[in-house]
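Please look over the sequence and the structure shown below before reading on.

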Amino acid sequence: MAGRGELVVSFGEMLIDFVPTLAGVSLAEAPAFVKAPGGAPANVAIAVARLGGKAAFAGKLGDDEFGRMLAAILRENGVDDSAVVFDAGARTALAFVTLRADGEREFMFYRNPSADMLLTADELNVDLLKRAAVFHYGSISLIAEPCRSAHLRAMEVAKEAGALLSYDPNLREALWPSREEARTKILSIWDQADIVKVSEVELEFLTGINSVEDDVVMKLWRPTFKLLLVTLGDQGCKYYTTDFRGSVPSYKVEQVDTTGAGDAFVGSLLKKIVQDPSSLQDQKKLEEAIKFANACGAITATKKGAIPSLPTETEVLRLMENA
């Protein structure tokens, strides 16, 4: 990756989350909602930029007030939005997110179809993709055409130009026609990634086994991988490379809202990896990078909403020093 710079390009959906003002109630019981910008790939891009890294977001928004607002939020947060396109015929996606009493989430989506699903391969900013040191994506952009073909083409362009491919499936079962199709399509691009991050829920979904033991995790390992990560919420993270594996505990915080915590983890880890790619082969360096990422995820879970909660480097280092 020498000479490729440190640009992280994040591809996929950006949307508006509507979060109840009261935790622990159903959507129907919520007295009111606060609007918050969201969408996992966009969260990752902003997480990188907030830590002082170079980030760009590629995707499609509705040519509406929410879409323009989201593009402005990317720019305000130092994210390159030159690969964002607008659709005059479709709305920006919305998601109503219920916060349960324990801070975990349930989703209800409005996207039939939303602008992000209508991105075509011809609308990709190929020059930007070719400059990526890391190309990061999820699986929501695999659900429907034409976005699926655009996603596959973007991976191809970035890979051919020498980028590392980073995949966080970010499972949202409610968006898929069936569990089977979700599993099949999520795994259809599995072998092409260099870095893969799954949660324990996704590990169970993809393997069919409710366990985070190494033999279960290794069912998802591919010889082409450089790094496989399993995040365990407040229990930290397990990591696997060709030559070594281990686990890194998290930081104890009072959880308010876990929205975006996984994206903060991914964004901060990718920033560390593009800064020093040798950390993928050096266990001590990798563990330091994961500790930093765990701290980012922990801080994000202490506040409501994803993007407003993403930490700066100063906040992360403060938590790590005080722990």
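This is a predicted model: local features need pLDDT of at least 70, side-chain atom pairs count only at pLDDT 80 or more; totals for chains, interfaces and linings use all residues.

Residues are numbered from 1 along each chain as its sequence is written, and side-chain values use heavy atoms, with hydrogens and water left out. Helices (H or I, at least four residues) and strands (E, at least two) are DSSP runs, numbered from the N terminus.

**Helix α1 and its cover**

- Helix α1, residues 40-50, is mostly covered, since 10 of its 11 residues are buried, where buried means under 20% relative accessible area, exposed means over 50%, and partly exposed lies in between (1.4 Å probe, protein chains only).
- The buried residues of α1 include Ala 40, Asn 43, Val 44, Ala 47 and Val 48.
- After α1 comes Gly 52, which has a positive phi, near 95 degrees.

**Helix α1 against helix α8**

- Two packed helices are described by the angle between their axes and by the distance between the axes.
- The axes of α1 and α8 come within 8 Å and cross at roughly 45 degrees, where axes are lines fitted to C-alpha atoms, for helices over the stretch in contact, and angles run from 0 to 180 degrees between N-to-C directions.
- That angle makes α1 oblique to α8, because angles under 35 degrees count as roughly parallel, over 145 as roughly antiparallel, 65 to 115 as roughly perpendicular, and the rest as oblique.
- Ala 40, Asn 43, Val 44, Ala 47 and Val 48 in α1 meet Asp 263, Ala 264, Val 266, Gly 267, Leu 270 and Lys 271 in α8, contact meaning heavy atoms within 4.5 Å.
- The residues of this contact of α1 with α8 divide into 7 nonpolar, 2 polar and 2 charged, where Ala, Val, Leu, Ile, Met, Phe, Trp, Tyr, Cys and Pro count as nonpolar, Asp, Glu, Lys and Arg as charged, and the others, Gly among them, as polar.
- Lys 271 lies in helix α8 and is buried, because its relative accessible area is 6%.
- Leaving aside residues up to four places away in sequence, Lys 271 touches Val 48, Leu 51, Gly 52, Gly 53 and Glu 313.

- The crossing of α8 and α9 is right-handed, and by class the contact of α8 with α9 has 9 nonpolar, 4 polar and 1 charged residues.
- Helix α10 (residues 313-322) packs with α9 at about 105 degrees, with the axes 9 Å apart, and the two helices α9 and α10 are therefore roughly perpendicular to each other.
- The contact of α9 with α10 has 9 nonpolar, no polar and 3 charged residues.
- Thr 300 lies in helix α9, which covers residues 283-300, and Thr 300 counts as buried because its relative accessibility is 0%.
- Among the residues that Thr 300 touches, not counting those up to four places away in sequence, are Asp 257, Ala 261, Ala 264 and Pro 311.

**Cysteines**

- The count comes to 0 disulfides, a disulfide being a pair of cysteine sulfur atoms within 2.5 Å.
- Cys 237 is in no disulfide, and the nearest cysteine sulfur, that of Cys 296, is 13 Å away.
- Cys 237 counts as buried because its relative accessibility is 0%, and Cys 147 is buried with a relative accessible area of 5%.

**Two partly exposed residues**

- Val 85 lies in strand β5 (residues 79-87) and counts as partly exposed because its relative accessibility is 21%.
- Val 85 touches Gly 59, Lys 60, Leu 61, Leu 119 and Glu 123, not counting residues up to four places away in sequence.
- Glu 6 is placed in the segment before β1 (7-11), and Glu 6 is partly exposed, with a relative accessible area of 34%.
- The C-alpha atoms of Glu 6 and Ala 90, which are 84 residues apart along the chain, are separated by 33 Å.

How values were computed:
A crossing is left-handed if the near helix is turned anticlockwise from the far one by less than a right angle, and right-handed if clockwise.
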